[in-house]
Amino acid sequence: MNRGMNNVWSLVLVSAIVYAALAILMGVVPGMVLSRTPPTVGLHPYSVQEQRGRDIYVSEGCEYCHTQNVRPLKQDEVFGRPSTAGDYAYDTPELLGDHRNGPDLTNIGGRQPSKIWQYIHLWEPRSVVHGSIMPRYTWLFAVKPKADLGDEVVPIPSGFGPAQGVVVTTTQSRDLVSYLESLKQVSLTKRTGK
Amino acid sequence: MKSASLVVRDNAEPEDVALFSSFIASATFWLLLTTAVGLLLSFKFPYPDWATSPFLSFGRLRAIHTNGTFYGWASIALSGTAIYVAARTSGIGVSNKWLAWLSLACYNLAAICGTITLDLGINYGDQEYREWVWWVKVIFLLGVLLSGLTVVQTVANRVEREIYISNWYTIGGFVFTPILAIVAIIPAYQVGLGQVAVQGFFMHNAVGMWFTFLALGITYYALPKLLNRPIYSYALGVLGFWTNLVFYPVIGAHHFEFSPLPWWFQTLAIVFSVGMLVPVWAGTANFALTMRARGETVRRSYALPFIVVGVAYYFLGSTQGTVEAFRSLQTIWHFTSFTIGHSHATMYGFITFIAWGGIYALLPRATGKQPSLLATGLHFWFATIGVTAYVIALSIGGTIQGLTWAAGNPFIASVDAAAPFWVARAVAGSLMFLAHIIFAYNVYLMTLAPGRESDHWEPQKPERAATA
Ligand code: HEM
Ligand code: HEM
């Protein structure tokens with residue numbers, strides 16, 4: 001029977017070599033190759049503000065409920081065209097996600113172009129989608145007794161706002177929403193140059 | 001679990017007992033904290049407007065739950081038990097104990113820093129199970145290296161001739177994980193889709209090359225020891241070791257089926273997911289045959305029922321994983337709560353139950369202090385019923401969710417459809433959390449509680465060594 005390996009150091013060495021080889025083959029090499037994927041034609045890098053918004057998205061863990069990965073399946077057609085490799089060229093950290101407690105957001109900028117809707121929804125999702133289970137992100141906003149000059153007031157539906165005062169946007173909510181607005185799939189037909 | 005079981009005390013060195021007890025006490029703390037968080041998460045599904053401060057928000061707490069149960073609870077519990085097993089099977093005390101103490105300090109420090117940074121919204125890009133920022137991961141990696149070194153040195157100094165099969169597995173886990181951690185930490189090849197490939201690789205290697213190897217190693221020790229009978233087949237154990245090592249690293253891409261990762265790369269992962277049936281069934285058969293015709297012993301033991309459930313979930317959860325990997329079923333189940341059911345069938349039903357089995361098997365022998373019989377029974381039944389209800393609820397709920405999407409209904413319809421099953425999960429989760437409180441009480445009885453040593457001792461015939 002295979003009881004040969006009685007020197008513990010040879011067990012350590014052999015299993016380390018086998019696993020390191022597999023890790024390079026299945027982890028590092030695919031990572032290296034795919035990291036060089038060129039961007040889809042027409043895809044733009046994020047602006048500074050969009051990038052700041054993306055950082056908030058990452059920091060608040062939106063990915064745990066929202067994918068950014070449209071599959072080539074019938075049920076995913078509502079979210080846009082199937083995602084392609086080049087769509088993720090500027091996406092580090094990647095946000096493909098594994099869970100759809102909420103809908104896919106790959107193309108949310110195209111599907112929901114209203115900034116105002118986004119603000120209201122972030123303040124209290126249930127004020128616009130009855131039955132939503134998304135948390136509210138009230139800390140991305142400020143509540144003031146009354147709006148100052150230049151403030152962007154969010155028209156919260158009655159019953160969902162603060163007891164008194166108005167809700168205004170902050171840099172954070174503006175950044176996040178600018179990121180969401182930037183999530184628009186570029187058309188693949190452009191690639192042919194027609 | 002009828003009568004107080006007959007337990008003989010190991011003649012472990014007092015320092016080793018203190019070391020083992022400290023690992024288990026730390027692990028228990030993290031179990032309580034991070035499953036309290038899990039419970040809060042599960043109540044946020046029906047009550048999303050509860051606990052809405054940023055520090056208690058779903059997106060931040062979820063990573064605290066997963067990383068805390070992985071690296072605080074399961075890693076510390078399994079490492080501590082693996083070190084103790086290495087000493088027992090080697091017939092000597094733990095070599096270089098200070099390395100093990102330092103390891104425990106690293107593990108705890110990493111879990112503390114990781115929990116705090118995640119709660120502040122500082123993370124490594126929502127990459128599941130590696131959300132801790134790089135320097136926290138490095139502290140954890142040090143913990144793994146130090147525990148691993150302790151185990152390897154103890155086994156190297158053994159008086160027994162052979163390396164017992166359980167040490168093959170635990171040493172494997174300690175060798176693979178640092179390599180995996182290094183692959184996961186280096187950013188150079190993790191840009192865009194490249195990071196997706198590495199993430200798929202990382203996710204299943206973390207569960208498959210770390211927790212699975214340690215838990216199997218502990219089962220290979222505890223089962224023969226508790227049954228007083230040698231493991232059914234050494235050869236099956238060795239077969240399981242090598243097939244696990246070669247197949248597991250290839251299956252990562254099954255986390256991203258239908259994504260833009262190369263199609264053949266996904267297919268390869270699916271094929272090897274089927275190959276995984278070999279180690280899973282070989283291991284399960286080996287354990288089942290070792291237990292054959294010993295139902296009465298199982299019923300009388302504190303520890304064996306946990307191991308039986310753990311082995312059953314290893315079999316069920318992993319086989320479920322293979323089925324889940326097929327493309328036809330991924331179209332329905334991927335992205336749904338079905339996956340969450342699988343995660344808990346495996347990380348809870350398998351890993352956590354084996355950790356408990358190992359603790360109830362070995363801690364009383366180490367300290368000479370028995371847990372409460374009633375409390376152990378309650379712990380067992382609450383946890384078993386809880387996790388089973390959890391998995392069943394989400395398997396059904398997740399399937400309905402996926403079918404709702406396939407039927408082309410508006411998205412919110414899937415939320416409404418899954419809602420009752422999420423409530424069932426919260427109820428099941430409450431039972432599980434109750435079990436953890438009872439377990440913590442038992443850990444207290446088995447370690448710090450004064451005057452429990454002499455109570456229950458009954459004379460017993462000398463045991464045969466598990467390595468026989
Ligand atoms: C009282 C017991 C527990 C409860 C109530 C609980 C609840 C939860 C909840 C609500 C989620 C989030 C689900 C989602 O995002 O849809 C979750 C995720 C998770 N939990 Fe637990 N949990 C418990 C114990 C554990 C333990 C002990 C472990 C591991 C040892 C664990 C491992 C995980 C993992 C891996 C995930 C992520 C699953 C995935 O992404 O597929 N949980 N848990
Ligand atoms: C034969 C063995 C196994 C196979 C083939 C398998 C297969 C799979 C598949 C296909 C998924 C992805 C599901 C999806 O995203 O829709 C998955 C997820 C997962 N598996 Fe397994 N599994 C196996 C064993 C295990 C074991 C033993 C563990 C734990 C110790 C485990 C833990 C997990 C976790 C935590 C996830 C969730 C990750 C995520 O959030 O996507 N699996 N598994």
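My entries on this predicted model follow, one topic at a time.

**Aromatic pairs**

I started with the rings. How many aromatic pairs are there over all chains? The count comes to 50.

I picked out B:Tyr107 and B:Phe140 from that list. Their ring centres sit 5.3 Å apart with 45 degrees between the planes, and I put the pair down as tilted. I then checked where the two residues lie: B:Tyr107 is in helix α3 (residues 97-119) of chain B and B:Phe140 is in helix α4 (residues 134-156) of chain B, so the pair ties together parts 33 residues apart in sequence. Are they buried or exposed? B:Tyr107 is buried, at 0% relative accessibility, and B:Phe140 is buried too, at 8%.

Next I looked at B:Tyr169 and B:Phe241. Their planes meet at 85 degrees and their centres are 5.6 Å apart, so I noted this pair as edge-to-face. B:Tyr169 belongs to helix α5 (residues 165-185) of chain B and B:Phe241 to helix α7 (residues 234-247) of chain B, so I wrote down another link between distant parts of the chain, 72 residues apart. Both of these residues are buried.

B:Tyr169 and B:Phe241 also turned up in an aromatic cluster.

**Charges over rings**

I found B:Arg327 lying over the face of B:Trp263, 3.9 Å from the ring centre. I also noted B:Arg425, whose charged end sits over the ring of B:Phe45 at 4.6 Å from its centre.

Which peptide bond is cis? I noted the one from A:Thr92 to A:Pro93, with omega near -5 degrees. A:Pro93 is in the loop between α2 (48-59) and α3 (108-111) of chain A.

For positive phi I wrote down B:Phe258, near 70 degrees. B:Phe258 is in the loop between α7 and α8 (263-275) of chain B, and at 8% relative accessibility it counts as buried.

B:Ala293 has a positive phi as well, about 60 degrees. I located B:Ala293 in the loop between α9 (277-291) and α10 (295-300) of chain B. B:Ala293 is exposed, with a relative accessible area of 78%.

Notes:
Residues are numbered from 1 along each chain as its sequence is written. Chains are lettered from A and ligands numbered from 1 in the order in which they are written. This is a predicted model: local features need pLDDT of at least 70, side-chain atom pairs count only at pLDDT 80 or more; totals for chains, interfaces and linings use all residues. Side-chain values use heavy atoms; hydrogens and water are left out. Rings of Phe, Tyr and Trp (its six-membered ring) pair if their centres lie within 6.5 Å; planes under 30 degrees apart count as stacked, over 60 as edge-to-face and the rest as tilted. Helices (H or I, at least four residues) and strands (E, at least two) are DSSP runs, numbered from the N terminus. Buried means under 20% relative accessible area, exposed over 50%, partly exposed in between (1.4 Å probe, protein chains only). A charge sits over a ring if NZ of Lys or CZ of Arg is within 6 Å of the ring centre and within 35 degrees of the ring normal.
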